Amino acid sequence: GARSEAPNDSMSFIHVEDCAKMHTRILDCMGTSDNKMIINPHQRYMSLIESLHWNDILALLKELYPTLPVYKTYDGEDRVIP
């Protein structure tokens, strides 16, 4: 169902081109002795800078898409701090 209130959670984003660059860099380095990166094929590699609370994400989306429905911001005292 549709939500009317922002969830008390956060999310991280990455531009698709940045993600692709990271993946190709890791693949290029696998099996080499690159001094800058230690590649372990059994590990996960994360590429993110910051996370945003859904209140902030919805505010940004509203700026980009003014016809987006209005969502009530999460105002609980236990708000997640990304």
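Trainee: Why does K72 count as partly exposed?

Mentor: This is a predicted model, and in it K72 has a relative accessibility of 47%. Buried would mean under 20% and exposed over 50%. The 47% of K72 lies in between, so K72 is called partly exposed.

Trainee: OK, and what makes E5 and K72 a salt bridge?

Mentor: Their side chains come to 3.5 Å, N to O. The cut-off is within 4 Å, so the pair qualifies. The two residues sit in distant parts of the chain, 67 residues apart: E5 in the segment before β1 (10–12) and K72 in the segment after α2 (54–64).

Trainee: Why is D75 called exposed?

Mentor: D75 has a relative accessible area of 58%. Exposed means over 50%, so D75 gets that label. D75 also forms a salt bridge with K72, with the closest N and O atoms 3.9 Å apart. That value is within 4 Å, so it counts. Through shared partners, salt bridges join E5, K72 and D75 into one network.

Trainee: How do you know that D56 forms a salt bridge with R79?

Mentor: Check the closest N and O atoms: they are 3.4 Å apart. With a limit of 4 Å, that makes a salt bridge. D56 lies in helix α2 and R79 in the segment after α2, so the pair ties together parts 23 residues apart in sequence.

Trainee: And what makes R79 partly exposed?

Mentor: R79 comes out at 34% relative accessibility. That falls between 20% and 50%, so partly exposed it is. D56, at 36%, counts as partly exposed too.

Note on methods. Residues numbered from 1 in each chain as written. Predicted model: local features only at pLDDT ≥ 70, side-chain atom pairs only at ≥ 80, totals over all residues. Heavy atoms only, no water. Helix = DSSP H or I, 4+ residues; strand = E, 2+ residues; numbered from the N terminus. Buried < 20%, exposed > 50% of the residue type's maximum accessible area, 1.4 Å probe, protein only.
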